[in-house]
Amino acid sequence: MKYFYVGATPEVDRQALTAIAERARAEFGAPVREIELPELDFAFDAARGQYGSIPMLEMLVRLCPGDAFKVLGLTERDLFIPVLTFVFGHAQLGGRAAVVSLARLRQEFYGLEPNREVFLERAQKEMLHECGHLFGLVHCGDGSCAMSLATGVRQIDFKRAAFCARCAARIERKPKG
Amino acid sequence: MKTHWQILVVDDEEVMAESLAAWLREDGYAVDTANSGRDAVEKAAQRDYAIYFVDLKMPGGMDGIETMMQVRRLHAEASIIIITAYATVDTAITAMKEGAQEYIVKPCNPEEISLLVSRIIKVKNLQRENSILRKKLSRQYHFGDVISKSARMQDILKLAQEVSSLRSTVLIQGESGTGKELIARAIHNSGDRAAKPFVAVSCAALAETLLESELFGHEKGAFTGANQQRQGKFEMAEGGTIFLDEIGDISPKLQVDLLRVLQERRFYRVGGSEEVKVDVRVIAATHVNLQQAVAEGKFRDDLYYRLNVIEIRIPPLRERREDIPLLAQHFLERISHELGKEVGGISDSGLKVLLDHNWPGNVRELENAIERAMVTCRGPELTEDDFAFVAQNGQAGKAGWAPPAGITIEEMEKLLIAATLQRTSGNIKESAAVLGIDRSTLYEKIKRYEIPR
């Protein structure tokens, strides 16, 4: 039996982790297990004041249990890749590990009043997006599809928390073996 | 389809190159990386990338500007984006002066890169479409340019127009020189795929192994001389149409490979292990009677049925003689323009030679005959004398034909009627016209000779 592992760094709120794990279970039809993740201090870049998504991905690959089908890591830390100012998430295209940063999904990041509903919806969309990459999907031209490219929260809010029919058809949901 | 466009990211810092490459791959592009200017130039020599992201500062005596200049020598149309962490006005000016399309400072906003790449690709798509349209204009492949007043040809053109926007495979059968490729191009250019490539392959021109590589491409090292990965014609025709001429001449192995592509729309490059998916319409053509080849076991029946979804049979020129004067005049005007030689027309005696000839080489032979006559003619129009070579060839052809030995007149008549019916696909009106008898007489003879229709 293969499992879809979902883990979070210690600062992530438990309710968010549960909501996302539940959505992953419903979407991909694989049994979901939780995995504990350590603090991300090792990935901190003092010059940028952010955390590297590549070291976090490498950590997930190291911690990935043998019975893992896919593994998704959540963090409240603001992630980046060297060439970009930030990323909402990062995945190994067609691989096993993906990460989602919740930092920029919160209204308060933009100086607005907190809104839990909006935050959780954005988190689910980003989870679907990065998992889509794990299943080999690339960005979709349909702006309402979870696989459309979002470089800001407005685009995340515009898309639906679901794959378009074309992307959904391309996902092999159940683990082999 | 984004994967059609390939991008090269050049940066001596591996993490920098790989992270940008991974991000672009998520956007659906095929991306390679190079860790130095030299590496980039070597890769550019092997493959034509649409966009190059080049880091400005790289060690090893070849910085981003030098790399860009060398890549430009190989691919003048390449779009090069210089990236740097140390932006100054001077370096930006130098980069742009030397031909960089854009100059960006890292780390950059994800939106900036995304917009930049999609803008460049949009321009490249427009350039490609523009080039296809320009070619189309110059070659004028339209239904209107398939010149014919024959009723059978008009029916064929109508059918071709009707099927132009379908994805169904088309099989065009006809003797050599009847204009099979012209019909194929007309179908492509009238349909939804007109803006995409039309790629023609002559299956008879190449040996089996060469044809396989020509059609499906090959990986580097797949065979001796395969020094670099090469796209096959199927990949080149992505989104468009592939025209497989002389399909009846392909080997049994290629018949199997082709059947797989037609069934699954995917294949492997020669020496490759990764499946390549394609969206290509197939139009095949042959001068061979494929049905007979199937009956003789020379051509796979499953492939035949896959190819023969829509069948177009182009009649030979001798069966549509009414087109001869029309085509002759068209070629005369075109060649007159090309040669810069004023020739007013074709005399009645000249036209009689053309009408009497059997044209085994069909429209192509007629075109060549007009050209030859135009080159040698000295008068204001083409006369019987200018076509003396046609008459001689015709006599030779007639002398070479003899009816089967020991055949009666009745048997000969039966054979002639059966052959005519076959050529007109059982059309009584047309057969009667060709045979020079009225329809009721034809019906009577069909009944008497028990000729199947």
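Predicted model: local features only at pLDDT ≥ 70, side-chain atom pairs only at ≥ 80, totals over all residues.
In chain B, five strands make up an open sheet whose order is E2-E1-E3-E4-E5, and their pairing is parallel. Chain A contributes a sheet of three strands, open and of mixed pairing, in the order E3-E4-E6.

**The sheet of chain B and its helices**

- Strand E1 (residues 6-10) and strand E3 (residues 51-55) of chain B run parallel and are joined by four bridges; B:Val9 has B:Phe53 of E3(B) standing opposite.
- H1(B) packs on this sheet, where it touches E1, E2 and E3 of chain B, and the direction of H1(B) makes about 175° with that of E2(B).
- Helix H3 (residues 64-74) of chain B lies across E1, E3 and strand E4 (79-84) of chain B, and runs at about 155° to E3(B).

- When neighbours within four places in sequence are left aside, B:Phe53 is in contact with B:Ile7, B:Val9, B:Val10, B:Leu20, B:Ile81 and B:Ile83.

**Backbone features in chain B**

- The peptide bond that leads from B:Lys106 to B:Pro107 is cis, with omega near 0°, and B:Pro107 itself lies in the loop between strand E5 (102-105) and helix H5 (110-139) of chain B.
- B:Glu246, although not a glycine, has a positive phi, near 55°; this residue is found in the loop between strand E8 (241-245) and helix H10 (252-264) of chain B, and it counts as partly exposed because it has 18 C-beta neighbours inside 10 Å.
- B:Trp359 is likewise not a glycine and has a positive phi of about 50°; its place is in the loop between helix H14 (348-356) and helix H15 (362-376) of chain B, and because 25 C-beta neighbours lie inside 10 Å, B:Trp359 counts as buried.
- The 13 residues of H10(B) should span 18 Å at 1.5 Å a residue, and the end C-alpha atoms of this helix are 18 Å apart, which agrees; just after H10(B), B:Arg265 takes a positive phi of about 60°.

**The sheet of chain A**

- Strand E3 (44-45) and strand E6 (79-80) of chain A are the edge strands, each with a single partner strand, so one side of each is left without a neighbour in the sheet.
- Strand E4 (residues 50-52) of chain A pairs with E6(A) in the parallel sense over two bridges, and A:Gly52 has A:Phe80 in E6(A) as its bridge partner.
- Helix H2 (residues 53-63) of chain A packs on this sheet and touches E4 and E6 of chain A, its direction making about 45° with that of E4(A).

**Contact between the chains**

- Between the two chains, 15 residues of chain A are in contact with 17 residues of chain B, and the side of chain A that touches chain B is made up of ten nonpolar, five polar and no charged residues.

Definitions and conventions. Residues numbered from 1 in each chain as written. Chains lettered and ligands numbered in written order. Buried ≥ 20, exposed ≤ 12 C-beta atoms within 10 Å, placed from the backbone. Contact = placed C-beta atoms within 7 Å. Nonpolar A, V, L, I, M, F, W, Y, C, P; charged D, E, K, R; others polar. Pairing = 2+ DSSP bridges. Axes fitted to C-alpha atoms, helices over the stretch in contact; angles between N-to-C directions. Expected span 1.5 Å × (residues − 1).
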